[in-house]
Amino acid sequence: MRIAAALLMLLLGSASSAQACTQTYIMFFDDGSSELTARGMLVTAEFARIFYDRRDATPAERMLSCGPLPLGEYRVEVWAHAQDRSTQDQCGLSRTRGEVVRARLAELGIPDGSLRVIPFGDRALLLPTQPGETDPQNRYVSLRVFTATDPSLERRGVEQAEVWGALAASACP
């Protein structure tokens, strides 16, 4: 339960992360499927557009939006989850979903070397469920951009490191 709460905090952000304008993009999948839906295709296209708009922002745009991604190192993390009735291999399905999204982002021009898939299987879910139950909202992939100097991570310091450690421990091997 603590991990689910930590995941929600990271996905939805806190007051300090809103100031840093951290955005998360989420797409959902059908039961047992790793195929991007029409909505998933739109979400990945929008993510790529915003990604490049932030990289190439003008000074005027910086004042109106989140601002540009700083030059230098950055990575896009693809967090993949599964809670599907039609398979026992939740880690495998979440990994496949993450790889499908990674491939789509690479097709849209995001450098493949900056994309990292983290499969969680049926761990660290968006919504808690009772044993034996599933929820369609737990069949999702989320996208986040991180930079080497992300101020939202610096401000949260040790608390952030503890949350990331808990989430990393939940990832599939």
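How far apart in helix α5 are R102 and E99? Being three residues apart in helix α5 (residues 90-107), the two are separated by about one helical turn. The model shown in these views is predicted, with local features requiring pLDDT of at least 70 and side-chain atom pairs counted only at pLDDT 80 or more, while totals for chains, interfaces and linings use all residues. Residues are numbered from 1 along each chain as its sequence is written, and side-chain values use heavy atoms, with hydrogens and water left out.

**View 1. The salt bridge of R102 with E99.** The closest N and O atoms of this pair are 2.8 Å apart, a salt bridge being a side-chain nitrogen of Lys or Arg within 4 Å of a carboxyl oxygen of Asp or Glu. E99 is partly exposed at a relative accessible area of 34% (buried means under 20%, exposed over 50%, partly exposed in between, with a 1.4 Å probe and protein chains only).

**View 2. R104 and E107 in helix α5.** These side chains form a salt bridge of 3.9 Å, N to O, and the residues are three apart, about one helical turn. R104 is buried, with a relative accessible area of 16%, whereas E107 is exposed at 63%.

**View 3. E46 and R49 in helix α3.** Within helix α3 (residues 38-55), the side chains of E46 and R49 meet in a salt bridge of 2.8 Å, N to O. E46 is partly exposed, at 33% relative accessibility, and R49 is also partly exposed, at 41%. Helices are DSSP runs (H or I, at least four residues), numbered from the N terminus.
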